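Biologist: I would like to learn how to read a chain contact and a sheet in a model. Could we go through one case step by step?

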Number of protein chains: 2
Amino acid sequence: MKLDVSKPLLDLNDRLAAKNRALFDEHGIFVLDMLASPGAGKTSTILATIKQLRDRFRIAVIEGDIASDVDSQRIKEQGIPAVQINTGGACHLESKMIAKALDVLDLCALDLIIIENVGNLVCPTDFYLGEDAKVMILSVPEGHDKPLKYPGIFQVSSAIILNKIDTMTVFDFDERAFRASVAQLNPRATIFPVSATTGQGIDLWTQWLANRIETGSKVTK
Amino acid sequence: MKLDVSKPLLDLNDRLAAKNRALFDEHGIFVLDMLASPGAGKTSTILATIKQLRDRFRIAVIEGDIASDVDSQRIKEQGIPAVQINTGGACHLESKMIAKALDVLDLCALDLIIIENVGNLVCPTDFYLGEDAKVMILSVPEGHDKPLKYPGIFQVSSAIILNKIDTMTVFDFDERAFRASVAQLNPRATIFPVSATTGQGIDLWTQWLANRIETGSKVTK
């Protein structure tokens, strides 16, 4: 069951996404839409990504949260431009919110914008924001069965980051079963096991991202 | 920002919720709506709750998932009636879905229905299903800052289960900060630290629930 309004709402969103996309193309900016559950480690992974790539690319972050600005503060502390969007209850970001955030960024001085979406494995899946790629994070404590329960997000993601692998021994996470489920839903998605806090595996993930930025390839839409 | 349609949609939902509520009252059934992020441990906590209370109350479970029936299978393996609702993409349960599930349960033979909502800290918050109480689970790996980012769900919950406390030493979880944030948002909510897998703390939580069932008190709406 879907809301009846979704079609016109999504059409409007897509038209505004195309405007965002035109701005990104005009300035040669690669844009990543980062999706995950609450607490999967989006901000930590973005911080680890910034650490690896800040000498090669000029980066900014757009932070989407229902409330608070704790995430954008963490980014700004690293000297990286960050814009906080508070959705005031809405469960996902939409193109018009991104358009407003772009107004306050100096697009001429950027190569990469990372959008941290609201923590939610469901709703952000349907909203194209003009990005080059959606990438999702699943964390080990969430369990290996999540692709079965939330298939949509695994299908729209160009890459899947498996975070908190340093806690693999604490949780009963069956990586083989997880990979098999993902392979069925989205055989083209690369899986990057990482620990954003220890840095393990971050190099392979950022290498993938750097390749995409440099070739400017549009991996979604 | 909220969808413009939310008001009529919520009104319709509330009317159907009142019908569900009338059915529950007629049969003297206490109904719990269980909310959490994906992977916070909803099914494990429900299983631990069943284990403690099955000799005192006749229990059934309604499982809400976007896809799959793995959760209802786990419940049925314990000899407990379970109905699986697949929302087919929708990010929350609505009253009309619950009404359909009630059609296949023997309401005369039940004291307690536990509804496991879709894993989502945002959308289920707005939907009254006719339940006596919403209870949320936050798991330690998600982090102590979640009340700041997802205030709504902490405000509507009559009790808050803090799950996976056996992993407290692995994660940088500040329980004092967590309790302070919850106290600001919802000073009346009791917090139950538990480990659904080891059973730690489950007795206090189920004692709270058993009291509510026996007094039949309506703790929300």
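Modeller: Keep in mind that this model is predicted. Begin with the contact, to which chain A gives 37 residues and chain B gives 37 residues.

Biologist: Which elements give two or more residues to the side of chain A that touches chain B?

Modeller: They are helix H5 (146-149) and helix H6 (151-156) of chain A. H5(A) supplies the largest share of that side, three residues.

Biologist: What is the make-up of that side by class?

Modeller: The side of chain A that touches chain B has 18 nonpolar, 12 polar and seven charged residues.

Biologist: Now the sheet. In what order do the strands of chain A stand?

Modeller: Read across an open sheet from strand to neighbouring strand. Here seven strands follow the order E3-E2-E4-E1-E5-E6-E7 in chain A, with parallel pairing. Strand E3 (82-86) and strand E7 (190-193) of chain A each have a single partner strand, so each has one side without a neighbour in the sheet. On average, neighbouring strands are turned by 20° against each other, direction ignored.

Biologist: How many bridges join E1 to E5 of chain A?

Modeller: Five bridges link strand E1 (residues 30-36) to strand E5 (residues 133-139) in chain A. Ala36(A), for instance, has Ile137(A) in E5(A) as its bridge partner.

Biologist: Which strands does helix H4 of chain A touch?

Modeller: Helix H4 (residues 95-103) of chain A packs on the sheet and touches E2, E3 and E4 of chain A, its direction making about 145° with that of E3(A). Helix H8 (residues 202-215) of chain A lies across E1, E4, E5, E6 and E7 of chain A, at about 140° to E7(A).

Terms used
Residues are numbered from 1 along each chain as its sequence is written. Chains are lettered from A and ligands numbered from 1 in the order in which they are written. This is a predicted model: local features need pLDDT of at least 70, side-chain atom pairs count only at pLDDT 80 or more; totals for chains, interfaces and linings use all residues. Two residues are in contact if their C-beta atoms, placed from the backbone, lie within 7 Å. Helices (H or I, at least four residues) and strands (E, at least two) are DSSP runs, numbered from the N terminus. Ala, Val, Leu, Ile, Met, Phe, Trp, Tyr, Cys and Pro count as nonpolar, Asp, Glu, Lys and Arg as charged, and the others, Gly among them, as polar. Two strands pair if DSSP finds at least two bridges between them. Axes are lines fitted to C-alpha atoms, for helices over the stretch in contact, and angles run from 0 to 180 degrees between N-to-C directions.
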